[in-house]
Amino acid sequence: MEIKVDSLLILEHTIAKDLFGGVEWPWDVIPKISEFIIELGQTLSAEKYDRIGENIWVSKSAKISQTASLNGPLIVDEDVEIRHCAYIRGSSIIGKGAVVGNSTEIKNSVLFDSTNVPHYNYIGDSILGYKAHMGAGSITSNVKSDKSIITVLYNGNRIDTGLKKFGAIVGDFVEVGCNAVLNPGTIIGKNSSVYPLSSVRGVVPTNSIYKSANTIVEKV
């Protein structure tokens, strides 16, 4: 499995497609999200999007709970549902038809269209692909305990990301089980599933089932 953008993500399913242009690795976009949102927001149609605060653009078709906290820079795309007590800290893009649920926190991340983070999730410095689903209580851990630079373990080698804050790249159609932890620098390939209560690090191949660090099987 390659860990390039096109191998993990269908770019036609995000308003942030241009963010990924010309990057070598998918995590290279993490430091660019905030500036990209501010630039893109200026171009959004006032007929389709309301500007509700400084650098906050929300589609008129989005459903936002009165108890949700929205902070910019932020784009909330069409038909999004943001539920009770969700906390979006800023520098985030919430794709079309996505669900951000009860007490979920999102920071400096891109959620592709139809992504679901519906129950008690933390998504930080991460990319979640088209129709990815995070089970209740599952999180992306985005900082190492010693605050050192995050590396991606791939084919026995470590790739230096240059980032101290980087959670996970979750490919299209991925299912992450309840209360799983995606450790800093985790990459999960398309169509893969992660067992509940897993502690995941490194690269999970496309079309796989992650049962444990020593048991990753191909889907049949």
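Reader: Which element gives the most to the lining of the largest pocket?

Author: A pocket is an open set of points on a 1 Å grid over the protein atoms alone, where a 1.4 Å probe fits, with protein on both sides within 12 Å along at least five of seven lines; lining residues have an atom within 4 Å of a point. Here E17 gives the most to that lining, with 3 residues. Strands are DSSP runs (E, at least two residues), and helices are runs of H or I, at least four residues, numbered from the N terminus. This is a predicted model, where local features need pLDDT of at least 70 and side-chain atom pairs pLDDT 80 or more, while totals for chains, interfaces and linings use all residues. Residues are numbered from 1 along each chain, and side-chain values use heavy atoms, without hydrogens or water.

Reader: Which residues line the largest pocket?

Author: Among them are Ile150, Thr151, Val152, Leu153 and Arg158.

Reader: How do I read a nonpolar core, and which residues have the most contacts inside the largest one?

Author: In soluble globular proteins, nonpolar side chains tend to be buried together. A core is a set of buried Ala, Val, Leu, Ile, Met, Phe, Trp, Tyr and Cys residues joined through side-chain atoms within 4.5 Å, buried being under 20% relative accessible area with a 1.4 Å probe, protein chains only. The largest has 36 residues, and Ile3, Phe20, Trp27, Ile127, Phe166 and Ile187 have the most contacts inside it. Its largest share, 4 residues, comes from H2.

Reader: What does Phe166 touch?

Author: Contact means heavy atoms within 4.5 Å. Beyond four places in sequence, Phe166 touches residues including Trp27, Ile150, Val152 and Ile187.

Note on methods: Buried < 20%, exposed > 50% of the residue type's maximum accessible area, 1.4 Å probe, protein only.
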